[in-house]
Structures are given as C-alpha cells and as structure tokens.
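Please look at the sequence and the model together before reading on.

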Amino acid sequence: MARFVTRRLLTMLLMLFAISVVTFVLFIVALPGGNPAAMIAGRLANQAEIHLISVRYGFDKPIYIQYVNTMANIFDGSAFSYQQGFNVLSQLGGDAPATLSLAIGAGILWLLSSIALGTLAAIRSGKYTDRVLTVLSMVGVSLPPFLLGSVLIQYVGYKASLIPLGGYVSITHPLQWLWHMLAPWFTLSVLFIGFYSRVLRGSILDAMGEDYVRTARAKGLSERKVLVKHVLRMSLLPIISLWGLDIAQVIGGGAILTETVFDLHGIGWQAAQSIGNFDTVTLLTIVMITALSVVVIGALIDILYAVLDPRIRLT
Amino acid sequence: MEEDATVRNHLKRSTWSVLLAVVGVAAIAAAIAANAAAKAKARAAASTITLLSGPGPQSLDPGLDYTTQGSEINWEVYTGLTTYKHANGMASTELQPGLATALPKISANGKTYTVTLRKGLKYSNGAPVKASDFLYTVERSLSIPWGGSATFMTPYVVGAQAYATHKAKTISGIQANNRTGKIVIHLTQAYGPFANVLAFPAFGLVDPKTAPKPFKVQASNPPAGAGPYMVTNISIGKSFNIVPNPNWHGLPGIPKATVPFTEQINANVNANALSVLKNSNQVFDWADTIPPADLAAAKATGHYKLVNLGGSVYYFFLNASRPPFNNELARQAVVAGLNQSGFSRLGSGTLAPGCFFLPPGIPGHGTGPCPIAKNPATGDLALAKKLLKQSGQANTPITVYGEERSPRLQWEQAYVQELQQIGFKHVQLKEVADANYFTTIGESKKVNPQTGFADWNEDFPNPIDFYGVLLNGKAIQATNNENFGQTNDPYLNKQIAKLGVVPTTKLNTVAGQWRALERYVAKHAYAAVFGYQSFPFFTSKNVTVKFTNDIYGWDLLGIQAH
C-alpha cells in the first residue's frame, strides 16, 4: 500500500508539472496577440506605461523565471489577476461553494438515476422499455447544457414561474439554495445520465453471464443478493471510475456552460470570464486546480477499486 | 433462460424501488422549492433597486477602471473637482462644479487651471477632504495605472510624465494649498477639454488613508470617495451594493442620494432581460443588448426606450498608408457602397445612419448632405463600383480585421460581402479575440491592418476626444495606436492642433470650424462610418427613470422606485 501511494504521489507530481508547463506555454508564452503587458495596460496606454507594467509583473524576465514565479505565486496563494487586481485563490475560494453545490448535487442525481435507468435497461434488454431508454439516453447525451438550460429558463422559469431565472444563493439559506439549484442539477445531470446508464447497462449484461454469478446462484443466494452483491458490485466499477473523474472535472470548473447559463458564479463561470478577459493567471490557476482534483480523485478511485474488487491488489 | 427470467423479475422490483425513491426525493425537493419561491416573492418587496449587468466593471477601484460599467457607478461615488449636470439629454453633458467651488479658472494661454476646493467636505468614511488629496489621487491613478492616463493626463500636466516613469517623486505641475483649498494645475500645452478630464472618476478625490502607498489596485475594498453614493459589500465579479453616502449632505446641483441599489453581474443577458420583464429585478444595464427574442415583450411594457446617447461612432477604418486605401478613390468607393440600414438591422436596429465622423451628441457634428453617397442609409452601389474601377485597386488583396462578438462579427461579415460586391476580388476576414483586438490592430509596425472594425465612445463631449486620438497624424504610435487608418493629413493635423485648445465650455465659438472639418474628413473618406449607436434603457414597471446621463448612461440620482 505504501509503495502504491508513493508511486501515485510521484506520478501525480510529474503530471502536474507537465500540465503546468503546457498550460503556461499555451496561455502566457504563446499568448495570441503577443505582449501581455500591452493587453494589461489597455488600448490607450503608451510605450512607457507598457514598459513599466512589463517590469512590474516580470514579463521582461526569461521565460523559465516567469514560469517559476507564476507557479510559486499560484501555490503560495499570492497570485493575483493582472486585469482586475483580485487575489486569485481567494476569488476562487469565493466561487467554490457554487461549484461544489452544483457538483455534489448533480453528481448524486446523475449517479443514482444512471444506476436505476441502467439497471432497468439491462433487465429489460431488447424489450420496449430498453429501446425507449436507449433513445432517451441518446437525447440526453446529445443535448448541450446551454440549450437545455436556456429552454428551462425560458419556459419553466419565465413562463411557468416554477424555477428562478438563475443565480446562486448561499446554502445558509437552505430553501432558497435548493430552489436555485434544482434546474442546474437537472441540466448538468441529463448529459451524464444518458452516458452512464448506457455504460452500466452493458456492464450488467456482461456480468450476468460471468461464472461467479452462476456460482452465486448455485449456492442458493436470493436474486436480490446476486444482483446487489455480485452483479452490481462489479458492474459499478467503471461507473465509479467515470463518476470520480467527472466530478473532479466539474469541481475544477468543467461545468462552464451550466454555470454560465444559470449564472452560478462558480469556478466554471470564472473560467469563462477569464477566457473572455484573457485573464491568464486566473485561467492558469483554474487549470491547475482541475488537474489537481482529477489526479487526486483518480488516485482515490484506484484505492476504491481495490476495495470493491478483491482481485485487485495495490502494489 | 429460465434463470435469467427469474433474475430479471427480481431486478425489476429493486430497480423500480430505486426509481420510486428518486422520484420521491424530487417531489419533496419541488415542494420545498415552491415554499421557498413564495417566501422569495415576499422578500422581493424590499425598496432596494437591483441593477443587472452582463459584464461587470473591470474594477470598482477608480484608479484602475476604464469601462462604461465602472464609470456609470464611479462617477457618483468619486466626484471630481468638476462633474456633469444631473439632467436629461444634452444638458447632462454640461460641466458643473463638483468638489470645487466653481469651474476652473483658465489662464489666457490655456496652460494654467485654478480651482478652489469647497469647505467642509467629507469622504464617505467621515474623513475631511483636503486639497492635497487631489495630487495624491492623480499620482495614484498614474501609478496603478488607470487606462486613460497616457491619453488624457501624462502628456498634458507638467511633471506627470516624469512621475509616471518613476523619474520624479511627485507631479511638479500640481500645487495644492490645504489651508486655502486652492489647487493650481500647470499644463505643458493648452488642452481644451482639461476641465472635462478633471471630471473622470479616476480623478475623483480619494481619502489617502484608505488608499495607502505603495499604490495598488484595491478591488474588494476601494478607497473612500466623496460623492452621493458609496459602494459596499463587494463580491468581485458577482455583486455589490451602491448605497447613499451618509456623509454627503448635497451640493448645488448634486443632491443627496436616497435610493439604495444592488448591482448583480450576470453574464446571461437573456435571463437578465426576462428577470426585468417579470419585475423580479428592476434595471437592465444599458450597455447590454436585449436579445431580439425579448425585444417585443420589453417594448410592450412601456418601460423600454432606445436612446441615442449621442456619443458613439461605429466605423471601418481605411488605412491610408498602404494599398488599396492609400488611394482616395478606393476609400470613397467603400464609403459610397455602405448600406447602413443593413448594418442597423444586423444590430437589432440600434444604429442610426450617418456619414460624419463625430456622433450627433458632440458639438461640431457635421450637418448637411453627405459628400459621397447622398443617402448613407442605402448607399450607392453603382457609384461605388464606378469609383473602384477608376481607382484601379480591385485586384489588391484585402484583409479585414474584426472582433468575434455579436453583432460586430455580423457587421464585419457584411462589410466583407460589400467589398466583394463593389468589385474587390480578394477579400478575407481575420477575426481576433475581443480581449486583445484593439491592441492587435494597434500594432502599427507588425500588423498595420488595411481595414477593419473600430468604434469610439465619448470620454467627454468635445470633438478633440475623437479627432485628437483617432484621426490625428501626431497621435500615430508604434504600439497601441488608435489612429488605425494612419490618417496623417497636414491640413487635418493643423486644424486639430488649432481647435483642440478651445475649452469645452467655449466650443460654440468654433463649432462651425469643426463642422467644416467634418465635411473635409467625409469628403476624403478617411473612415467609413456606418452608424451611431443607440442603447436600450429598460426597467421594470416599479421603477421610474427621471433622467439619464449622455456620457455615463445611468444617473443613479435619477432612478426612483415606487
């Protein structure tokens, strides 16, 4: 176990380093339009102002020093937005509750719904129910969140007045919080439910033909126990793996469209703003947070795999 | 097969149980939500007016912000030595004394401005306002730096350039006497709109104790200012409150504020428009565009009007330093062919056609028939084709530069089509990300674009704000150039230098000369103007707008809830 954790930690650090270098090159070195100091100074700045900004923010230094300084600022929490002047980490800290609310609520919704629908599709395989669920899954996967979100806002929010027109309310007002989160949860979940239920359906059908399921039945176990303890336990492995990575991505700002459509001022919304403003430091920090959460949750999933599947050993 | 059927029956039962549980949870959630909605409606009856804005201000720190979204708030939070009248229409662009007792006294050579600070003024935190705070404020804005510093302040105030480049510890050209309240500003050259420059929120006085050195942007805790309003509870990029300043007791022409506001920054402008339509929130920001789908409903409320603030011009620059537009006939061909009503349609009907460079709200705006196409709304395609043929430039390849956002992209695409229609054989569109569009096309040496989209919104109602920056040969820079057309006409430069020194308050004495210059620029087709923009002023039914401001858009003192 210790060897496994050490190896994963080292791999994690290497991956983060590689991601940070690629991101830095993409956002700062290869910045479209060139000079970041000129962009920060604005369209009316003169050469003297641009030069001063360049010196102040270290754009005149060699690239590798700029990289080290930028990363040091991100990790020690002192990075700030050149465009708006805020401390990036504290700003993202303020954005985190909205994103966590979205990720956790939607994550639970899409996981439970996928298990229910995927299992139903598997046991009704080839029947009418399965076909209907297949079509619905395809619709869900093909429905972009900005479209579904806009339709909900227009018809369920504006016309029917059943949901708010967007915005985030702190969980300190639990009822308002819930009311504001229902539509974003649903919108984000639809995308994943379609995909997850198809994966689970296939996985269950595969597992049903396995020898260990036949053995379990031969031992006289009830069908419920066979399903829950043997079939679902194994079939859920790929789902849990996917779920972990997707949740990590949403936490790291991956729900850009959902957060933007519903004006949830979370990390995804902040990412969209940063892209629009060419706010490279904020964007770089968000990418690092996403990478970190994906890598950490990936490692946790590996451990969980071993718990669920006795054949896997962590070495 | 039999075994499978049994398994499936059991599975079916358990699956339906899970499904029922999920549906149950959803039903409970919906019930709770309905309850929450009822309570929310009851709370919405509060008297605070909510203003919804798509993009928020760059910053609420006046030392940094140079955006319309920031200025519309900050001009009433950081009152300058001068400010603008709280009135409707053109009257709202007239200067009036702000923190100073009177408008600046200008020396005969136009190079010395003298004002006296009013007595007994206090910042929003209760600290007294001192004359020396003006110098401190200017130093702070040049240090951060504020986006307009290099255009409006450093070239004109003695010692400002040296201070901005760290060659001097203070700005030698500003002297302030705290005992008498007298402030004297020495300019390097006469600059007509300098009294307007003093009204910029960036030079609205700040309390030094709340903005200590070394100067830095105070995004979440901007310095205390002196004005009818103060900003509190800032959640950067999300929301903030604009509440009456308890230490502002009103000045002549600048009353005490009574109505509190909350600004919410929501990128989804469609949801913002719907929210105002439902009266859930009160004010839709004028700088945002109401989506066409909501326009009819907004108009039907009776609380929507399209206002031409009179201070913005939209145009395609034509680079006179390189082919094909170093040929005057080629430039005239483009201007002749512009179908401006088509451009207006693409912009949800928000553009008014015109051919003169100054927008209608600026003194000196051109009048009379257009020199090239008689009717700019439709253009004259036959004339355009004829002029291009005469120029012999049809085979010159053209790259049109443009921004990505709507409707600008659509305007640029229509422009490309028009160039092709009048006879240019090789035209391509190059889109640049909005965030660095103007700095990209401002690269005179590396890029030096032939033509492309440009716009300008007034900083103050003086023609020099447009001509001095956008058409002045002496303003051409290697980087961050704003004279995208590289216009460098000796006659034009001479007239700009001559007319630019006339103070804004005396513009009526030279309005005729500006109008003549307008005709000159239109005749030589130095820019292809395609309209002056109007903006949507839209509120809910429980709000009355008594007056707006033609420079900053909203005047919070003119908005009331009922």
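## Confidence

The structure is a predicted model. It scores ipTM 0.81 and pTM 0.85. For chain B the mean pLDDT is 90, with 92% of its residues at 70 or more.

## Where chain B touches chain A

Contact between the chains involves 59 residues of chain B and 52 residues of chain A. On the chain B side, at least two residues each come from helix H1 (2-43), helix H4 (149-152), helix H7 (269-277) and helix H13 (437-441). H1(B) gives the largest share, 19 residues.

By class, this side of chain B comprises 25 nonpolar, 27 polar and seven charged residues.

## Helix H12 of chain B

Helix H12 of chain B has 15 residues (residues 408-422), which should span 21 Å at 1.5 Å a residue; the end C-alpha atoms are 21 Å apart, in agreement.

The buried residues in H12(B) are B:Trp411, B:Glu412, B:Tyr415, B:Glu418, B:Leu419 and B:Ile422. They lie on the same side of H12(B), because they cover an arc of only 120° around the axis. Just after H12(B), B:Gly423 adopts a positive phi of about 130°.

Terms used:
Residues are numbered from 1 along each chain as its sequence is written. Chains are lettered from A and ligands numbered from 1 in the order in which they are written. This is a predicted model: local features need pLDDT of at least 70, side-chain atom pairs count only at pLDDT 80 or more; totals for chains, interfaces and linings use all residues. Two residues are in contact if their C-beta atoms, placed from the backbone, lie within 7 Å. Helices (H or I, at least four residues) and strands (E, at least two) are DSSP runs, numbered from the N terminus. Ala, Val, Leu, Ile, Met, Phe, Trp, Tyr, Cys and Pro count as nonpolar, Asp, Glu, Lys and Arg as charged, and the others, Gly among them, as polar. pLDDT is the predictor's confidence in each residue, from 0 to 100. The expected span of a helix is 1.5 Å times one less than its number of residues. A residue is buried if 20 or more other C-beta atoms lie within 10 Å of its own, exposed if 12 or fewer, and partly exposed in between; C-beta atoms are placed from the backbone. The arc is that of the directions from the helix axis to the C-beta atoms.
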